[in-house]
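Subject: Structure handover

Hello,

Please find the structure below, followed by notes on what was found in it.

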Amino acid sequence: MGIGSNNFLIDIPEIPTNCNFWMIRTNNGLFFNEFITKHYISIGWNAIKKNTFPLSKPQKESMENYIKDKYKTSVPGLAINKCEKFCFNLKKGDIAVITGKEEIAFAIIGDYYEENSERFTEQLEIDTNDKISKGLRQNIIECPYCKRRKIDIISIISNREEINPYLYKALLLNKHSLSSLNQYSDTILSSCYDIYLWKGTLSFSFKVQTRDNINAVVLSNFICSFTSLLKNIDEKDISVKIALHSPGDIILQVGNWFSNSSNYLWIFVILMALFGGKMGGVEFPSIWNVIKYFIDRYDNQTTKQLNEEKLRLENEKLQEEINLLKTDDDKHKQINKDTQCLSQASATLDIKPISDQIINIDAIISEMENNNK
């Protein structure tokens, strides 16, 4: 979702409402680098292909016996179910959480495909498993699995301290090679994106990097000034989730966003107050001048639109809206106070800068330079 269409300068990812979340293991991290560098995920049991399904009851019993004998597993039914899930339940656009030995990668799942079955045989898989079980890992072992899905990497967390503790615990306790993580959807998305829109809720994931004790007043100032800058939003639509363990996360969410979407201006104001001087290698002489410029621009554009509508309809209510719209000096002072408070709290908490791709710094500079000519 770009706000270029709204004549604005931020770009926020919108997650499909039907997105599902999956955990994929990599044989204790052995295949992690291959999955990431070659942009795919995979699952074992090469004897089972996509065209194996559907299975009648007798066919499934026969396949279970074959898998039990071939792979020496006591749970052949579980293997068949996982393969079927990988082939059919995972969808293009779902998000995979790929676990390594210490690191975690997040990726968007793509199309299903199968590698050349003449090479990626059942015997290759069994031989590879034997090498792994014997600890023969001195040489790089290539993943032998033929069932694969393309992926696009979103992000990689290589430091365990940066992993949300609730997600880390869930991954630690889950020993399956493939499983659903839908119950951790918000935690996963906040690990993938700094800001995102999903199911009508706009979420901000602020990464607190300080290792000092978190001062209660500073934390309160951060949340209160953030909330104060979200104009025209019902307080009941704003919520917060905190997982602070120095470092940790502050997740602020605005529900019912589609009826609050006029507040894109204030999202821009908040992001500039927090990160304007730390994004894209640019240091603005005065962040407030940038913020005030775009507040005034928004006021002028909206006033023009309402005036045009008023001339067409001769509507007295529209005139009242026009009179109330302009951001006067008192409002400017309060906004400036809130942005300074937010900026100071952010500096104390050492909030990690967001992705440079969310705010178009170059477009901001270009417009303001053209305006000053």
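β10 and β11 (residues 248–254) run antiparallel and are joined by seven bridges; two strands pair if DSSP finds at least two bridges between them. Both belong to an open sheet of five strands with mixed pairing, ordered β1-β8-β9-β11-β10. Its edge strands, each pairing on one side only, are β1 (14–15) and β10 (238–244).

This is a predicted model, in which local features need pLDDT of at least 70 and side-chain atom pairs count only at pLDDT 80 or more, while totals for chains, interfaces and linings use all residues. Residues are numbered from 1 along each chain as its sequence is written, and side-chain values use heavy atoms, with hydrogens and water left out.

The chain as a whole: its secondary structure comes to 12 helices and 11 strands, taken as DSSP runs numbered from the N terminus (helices: H or I, at least four residues; strands: E, at least two). Of its 373 residues, 47% count as buried, that is, under 20% relative accessible area with a 1.4 Å probe, protein chains only. Among contacts (heavy atoms within 4.5 Å) with a separation of 6 or more, 76% are between residues 24 or more positions apart.

Helix α2 (residues 57–71) packs on helix α3 (residues 76–89) at an angle of about 110°, with the axes 8 Å apart. Axes are lines fitted to C-alpha atoms, for helices over the stretch in contact, and angles run from 0 to 180 degrees between N-to-C directions. α2 and α3 are therefore roughly perpendicular (65 to 115 degrees; under 35 is roughly parallel, over 145 roughly antiparallel, the rest oblique). On the α2 side, K60, M63, E64, I67 and K68 take part, meeting P76, G77, A79, I80 and N81 of α3. By class, this contact of α2 with α3 has five nonpolar, two polar and three charged residues (nonpolar: Ala, Val, Leu, Ile, Met, Phe, Trp, Tyr, Cys and Pro; charged: Asp, Glu, Lys and Arg; polar: the others, Gly among them).

With helix α4 (residues 122–133), the α2 axis crosses at roughly 45° and comes within 11 Å. The two helices, α2 and α4, are therefore oblique to each other. Here Y66, K70 and Y71 of α2 meet E122, Q123, E125 and I126 of α4. The contact of α2 with α4 divides into three nonpolar, one polar and three charged residues.

Regards

Methods. Buried < 20%, exposed > 50% of the residue type's maximum accessible area, 1.4 Å probe, protein only.
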